[in-house]
Amino acid sequence: MSTTSSDVWVFIEQRDGKPADVSFELLCKGRKLAQSMGGSLKSVVMGEHLEGLVGETFRFGADEAMVIDHPALRQYRTMPYGRILSDLVRTHVPRIVLFGATIIGRDLAPRVASATRSGLTADCTDLQISDVAYLRKDYKKLLLQIRPAFGGNIIATIITPDNPVQMATVREGVMEMHAMGNPVAGKVTTIPYVPDPADELIQIVEQHQEENKVNLKAAPIIVAGGYGLGSKGNFKLVYDLAHALGGEVAGSRAAVDAGFVPPERQVGQTGVTVRPKLYIAVGISGAIQHRAGMQESNKIIAINTDPGAPIFGISHYGIVGDATDVIPRFIEVFRNKLK
Amino acid sequence: MYHSIVLVKQVPDTANITGNVMQEDGTVNRAKLPAVFNPEDRVALEMALQVKDQFGGTVTAITMGPPRASDVLRECLYMGADQAVLISDRKFAGADTLATSYVLAEAIKRIGGYDFIFGGRQAIDGDTAQVGPQTCEKLQIPQITYLEEILSIDGRTVTARRKIEGGYEVVRSPMPVLVTVIKDAAEPRPFSARRVMAYKGAKSLMEIEKMAEGNSLLYVDQLVHEYESRELFIKTLTMDDLKLEPERCGVAGSPTKVFKVESVVLSGGEHEMIEPTKTGLGRLIDKLMDDHILG
């Protein structure tokens, strides 16, 4: 096994210069991974007018930024981004490359992994460094890539034992993000953009993006409803409770599929991952797909008619009862306390 | 006239996992899961058929999988595919996305003459969304992932709308191009009753071999010839047929390995039950207020 480096790279994703949160989450995690391997953390920043963004990556722990700044890279496009990143990986052979499991990350990472014949694990929810014994061989400091599989029914740990580069995409919101106490300006390595005819094959004709008005990730209190509420009319109780407590409304996938609540409010494996101070789950049975998106919440209250519902297993407080009965009383008691 | 290749996959129905599918050691008993047509691949086939309906041409459905994956290929024929190709070999077993994409890319090169490659965005068993882009990279052609709608096809240029976070973008690409489609891109058509009657007897090489087994009067080559002449042969490609490098196939060609699998264990048990009465809820709210969580 030829390990050439212990460096961790994080691909910094941006649209119109606005970075994706997940990139900073990955820098924070990447810093820990790099420390446990004795390597350094590098951000790979592509786009146009990147000075501010490069500085931000240092604030979140990058030791070095590899910067490719060119008008041709202003908007993300598969071909130039994939080609440039693949070339960099081939030249420098980092030990780990991390991407957000976003639409961009899931478009780019497989191209780069294919071009460099690297192992790639999708949608990780945890990453660790560990010595591993696999098929009677010992491997030092491998990346454990932990992800839900089979529709979330199992948790698989994936390794890339005999390959120089270990790549992973990581779900948004699952890694904590915090800026460094005393950030140090790192080294900036500027990489020239050398055009390639294939870069221009795909043209972006237009782009429409709306700022997500719902920011569940930042909400300290979330009241979430599930299919168990039975109807859109009953789901209004979730809005009432959220309104009374000053929280945001969320829903399980089943509630979204049933049309009780819009998709941008979905919490869980295929929705948003949240960690509020208080999460109230109403009529949510607690399938693993949902738990994956909320189990890190500080306090969890479950309201469910079924005392055997799995949601109680991860809750701090459980209330067995019908939401149509419990929620109005909850609101009434809470309002009286405020008086 | 456009020739489309559609990548389809037979997957365990992960949406309907019940208790007895999960084994005590935390692994999945695949034998207990019904095998289904990956939903987004069915949408991909529908898109290819729509291109054919509008502009003429052909649709070839291909899958890599065990012999029983012919089931989804027959379904492709029932929906309207002109040709189905099974890529199957014991040596492909245990392939991760890199090894799978190598085999698919080589099979596509063998089939050749394509303008479009369609695939679902991702399969419901692994949810990786990697095989499409990885196949595409090996063919050195552009890709449009997360496709929502084909807006226009004009000569050798396709204009399409794809999903991005919080919106969409419209892109223009030359052909050939690989696209992966999301669930809402199209509503898959039902099987045509006439085509079900016509193709329910279609068989792959492995299925014909099985028929010939134990019947000394049947010869595989003859049978294949007969099925071919009746247009009921599901073309079958093995590792040797494609002259593949064995070290790039199956387990050997897969850099990622499953190290550990656990069923999801609930930490629980320590939660406090609250009576849904005014007193019970009052105590809970007091506690939350004391902890500065509410109020």
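B:V6 touches B:A44, B:L45, B:A48, B:V59, B:A61, B:A81 and B:F118, leaving aside residues up to four places away in sequence. Two residues are in contact if their C-beta atoms, placed from the backbone, lie within 7 Å. B:V6 and A:L98 touch the most other members of the largest nonpolar core, which has 134 residues. Apart from that core lies another, of 51 residues, among them A:A219, A:L278, A:V282 and A:I327. A nonpolar core is a set of buried Ala, Val, Leu, Ile, Met, Phe, Trp, Tyr and Cys residues joined through C-beta atoms within 7 Å. A residue is buried if 20 or more other C-beta atoms lie within 10 Å of its own, exposed if 12 or fewer, and partly exposed in between; the C-beta atoms are placed from the backbone.

This is a predicted model: local features need pLDDT of at least 70, side-chain atom pairs count only at pLDDT 80 or more, and totals for chains, interfaces and linings use all residues. Residues are numbered from 1 along each chain as its sequence is written, while chains are lettered from A and ligands numbered from 1 in the order in which they are written.

**Strand 1 of chain A**

Strand 1 covers residues 8-12 of chain A, and five of its five residues are buried. Helices (H or I, at least four residues) and strands (E, at least two) are DSSP runs, numbered from the N terminus. A:V8, A:V10 and A:I12 point one way from strand 1 of chain A. A:W9 and A:F11 point the other way. In a regular strand the side chains alternate between the two faces of the sheet.

Strand 1 of chain A pairs with two strands named in the table below, strand 4 and strand 6. Two strands pair if DSSP finds at least two bridges between them.

| Strand pair | Sense | Bridges |
|---|---|---|
| Strand 1 and strand 4 (41-47) of chain A | parallel | five |
| Strand 1 and strand 6 (96-100) of chain A | parallel | three |
| Strand 8 and strand 9 (137-149) of chain A | antiparallel | eight |
| Strand 16 (278-282) and strand 17 (299-304) of chain A | parallel | five |
| Strand 13 of chain A and strand 9 (167-174) of chain B | antiparallel | six |

A:V8 has A:L41 as its partner in strand 4 of chain A. A:W9 stands opposite A:V97 in strand 6 of chain A. Strands 8 and 9 of chain A form a hairpin with two residues between them. In that turn, A:L135 has a positive phi of about 45°.

Helix 1 (residues 21-37) of chain A has 17 residues. From its first C-alpha to its last it reaches 25 Å, close to the 24 Å expected at 1.5 Å a residue. The expected span of a helix is 1.5 Å times one less than its number of residues. Buried residues of helix 1 of chain A include A:F24, A:L27, A:L33 and A:M37. A:G38 follows helix 1 of chain A and has a positive phi, near 75°.

Helix 3 of chain A has 15 residues, which should span 21 Å at 1.5 Å a residue; its end C-alpha atoms are 21 Å apart, which agrees. Among its buried residues are A:M79, A:Y81, A:I84, A:L85 and A:L88. Cover for the buried residues of helix 3 of chain A includes strand 1, strand 4 and helix 4 of chain A, together with strand 7 (143-154) of chain B. A:V93 follows helix 3 of chain A, with a positive phi near 45°.

**Where the chains meet**

The contact between the chains takes 69 residues from chain A and 66 residues from chain B. Elements that give two or more residues to the chain A side include helix 3 (78-92), helix 4 (103-116), strand 13 (203-209) and helix 8 (323-338) of chain A. That side divides into 34 nonpolar, 21 polar and 14 charged residues. Ala, Val, Leu, Ile, Met, Phe, Trp, Tyr, Cys and Pro count as nonpolar, Asp, Glu, Lys and Arg as charged, and the others, Gly among them, as polar.

A:Q203 has B:R172 as its bridge partner in strand 9 of chain B. An open sheet of six strands also takes strands from both chains, in the order 15(A)-14(A)-16(A)-17(A)-18(A)-14(B), with parallel pairing. Strand 15 (248-251) of chain A and strand 14 (272-273) of chain B stand at the edges, each with a single partner strand, so one side of each is left without a neighbour in the sheet. Within that sheet, A:L278 stands opposite A:K299 in strand 17 of chain A.

**Domains of chain A**

The domain assignment of chain A gives domain 1 (8-200) and domain 2 (216-338). Domain bounds come from an automatic or database domain assignment. The centres of the two domains, taken over C-alpha atoms, are 34 Å apart. Eight residues of domain 1 of chain A are in contact with eight residues of domain 2 of chain A.
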